[in-house]
Amino acid sequence: MSDQTVARRYRRMAGDAGLRVHGAVNGQRVGWVDWLVRIQAAPGSSERIAAALAQRPDTRWVRLFSGGTEITCTLQARTPEQPSALFLRGLPGSRHVTGITAHSILHIFTPVGFTALTGALSADQVAALDASIPQAASGEARIRPDDEPLLAALSRDGRAPVSDLAAATHWHESTVRRRVAELERAGVLYFDLNVDESALGVSTRVMMWLTVEPAHLDAAGRALAMHREIPFAAATTGPTNLVVSAVFSDTAELYAYLTTRLTGIPGLRSVETSPVIGTVKRAGEAQSPPVHPE
């Protein structure tokens with residue numbers, strides 16, 4: 001397609017489906033630890049607690065589950081003390097919290113290539129996308145203190161012009177280009193996108209908390225990552241050891257998945273399914289938008 005056609009289509013998806021590209025930090029490359037925190041709240045208090053969590057700069061996804069009495073958020077901890085500060089002292093509305101479970105993310109299995117897109121793209125198109133991804137260098141990776149304004153600007157808008165990034169960092173434009181390329185090559189900086197999945201025919205979103213026999217954990221995670229319904233799968237600590245985010249066109253498709261494809265996962269002992277009823281914050285957002293039902 002022509003550049004003009006691509007730009008017009010992109011603007012349409014941005015307006016109609018909330019499409020937004022954002023830069024993100026691969027925390028594991030720089031020694032950070034991601035946590036999934038499940039919070040049970042008293043009826044009527046979960047939206048306020050979720051909104052307060054969304055205001056924190058160290059939270060990414062904040063969602064409401066299971067009738068509105070459960071909140072799950074992703075916390076990106078830069079220091080070992082950071083989770084303790086939240087769990088012990090910084091949890092908003094703690095007098096309304098009736099339970100909390102924290103799962104440290106040990107290994108992320110997704111994404112695997114462009115599994116979910118292979119039905120829409122040809123083999124040549126998938127190969128072209130694969131070839132465009134920078135190969136992360138081995139060895140030590142780190143973020144310098146002066147990278148923070150750059151990473152913050154890219155988190156707000158992953159397609160920000162170099163001139164805007166230069167203004168945010170007070171660097172020369174050539175310095176900005178060089179540093180972005182260095183962070184990408186180091187595997188520290190990557191780009192992701194948010195989109196309203198209902199525009200893609202998704203009406204049912206769930207989190208699945210799986211218990212898998214330890215000997216089969218790696219194989220189970222890899223198998224789930226190949227399913228087009230699974231945008232996120234990770235091994236974790238906690239009472240369950242494999243967490244999965246899944247999307248379906250409706251509840252009938254979810255039922256079919258639970259009773260057919262999921263049962264073939266090696267070593268699966270149990271599964272708990274939590275329906276998503278609202279999103280308060282998405283990755284890359286600086287603050288919470290209004291809660292909207294899903």
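Colleague: Which residues lie nearest the centre of the second largest pocket?
Modeller: The lining of this pocket consists of 23 residues. A pocket here is an open set of points on a 1 Å grid over the protein atoms alone, where a 1.4 Å probe fits and protein lies on both sides within 12 Å along at least five of seven lines; lining residues have an atom within 4 Å of a point. Nearest the centre are Pro-57, Thr-59, Gln-76, Arg-78 and Ser-155.

Colleague: What kind of model is this, and which pLDDT do local features need?
Modeller: Residues are numbered from 1 along each chain as its sequence is written, and side-chain values use heavy atoms, with hydrogens and water left out. The model is predicted: totals for chains, interfaces and linings use all residues, side-chain atom pairs count only at pLDDT 80 or more, and local features need pLDDT of at least 70.

Colleague: Which element gives the most residues to the lining of the second largest pocket?
Modeller: Elements are DSSP runs numbered from the N terminus, with helices (H or I) of at least four residues and strands (E) of at least two. Two or more lining residues come from each of strand S1 (20–25), strand S3 (59–65) and helix H5 (148–156). With 5 residues, the one that gives the most is H5.

Colleague: How many charged residues are in that lining?
Modeller: Ala, Val, Leu, Ile, Met, Phe, Trp, Tyr, Cys and Pro count as nonpolar, Asp, Glu, Lys and Arg as charged, and the others, Gly among them, as polar. The lining of the second largest pocket has 8 nonpolar and 7 polar residues. Its number of charged residues is 8.

Colleague: How much space lies in the second largest pocket?
Modeller: A volume is the space filled by probe spheres set on the grid points, which are joined across faces, edges and corners. For the second largest pocket this comes to about 580 Å³.

Colleague: How are H5 and H7 oriented to each other?
Modeller: The axes, lines fitted to C-alpha atoms over the stretch in contact, come within 12 Å and cross at roughly 80°; angles run from 0 to 180 degrees between N-to-C directions. Angles under 35 degrees count as roughly parallel, over 145 as roughly antiparallel, 65 to 115 as roughly perpendicular and the rest as oblique. H5 and H7 are therefore roughly perpendicular.

Colleague: Which residues of H7 make the contact with H5?
Modeller: Contact means heavy atoms within 4.5 Å. H5 takes part through Leu-150, Leu-151 and Leu-154. By class, the contact has 6 nonpolar residues, no polar ones and 1 charged. From H7 come Val-176, Arg-179, Val-180 and Leu-183.

Colleague: At what angle do H6 and H7 pack?
Modeller: Helix H6 spans residues 162–169, helix H7 spans residues 173–185, and their axes are 9 Å apart. H6 is roughly perpendicular to H7, because the angle is about 95°.

Colleague: Which residues of H7 does H6 meet?
Modeller: On the H6 side are Val-162, Ser-163, Leu-165, Ala-166 and Thr-169. They meet Glu-173, Val-176 and Arg-177.

Colleague: Is His-170 buried or exposed?
Modeller: His-170 is found in the loop between H6 and H7, and its phi is near 60°, a positive value in a residue other than glycine. Buried means under 20% relative accessible area, exposed over 50% and partly exposed in between, for a 1.4 Å probe and protein chains only. At 72% relative accessibility, His-170 counts as exposed.

Colleague: What distance separates the C-alpha atoms of Arg-29 and Leu-189?
Modeller: Arg-29 lies in the loop between S1 and strand S2 (33–41) and, at 25% relative accessibility, is partly exposed. Beyond its neighbours within four places in sequence, its contacts include Ala-137, Ala-186 and Val-188. Arg-29 and Leu-189 are 160 residues apart along the chain, and their C-alpha atoms are separated by 9.5 Å.

Colleague: Is Pro-83 buried or exposed?
Modeller: Pro-83 belongs to helix H3 (residues 81–90). Leaving aside neighbours within four places in sequence, Pro-83 contacts Trp-35, Leu-75 and Ala-77. With a relative accessibility of 4%, Pro-83 counts as buried.
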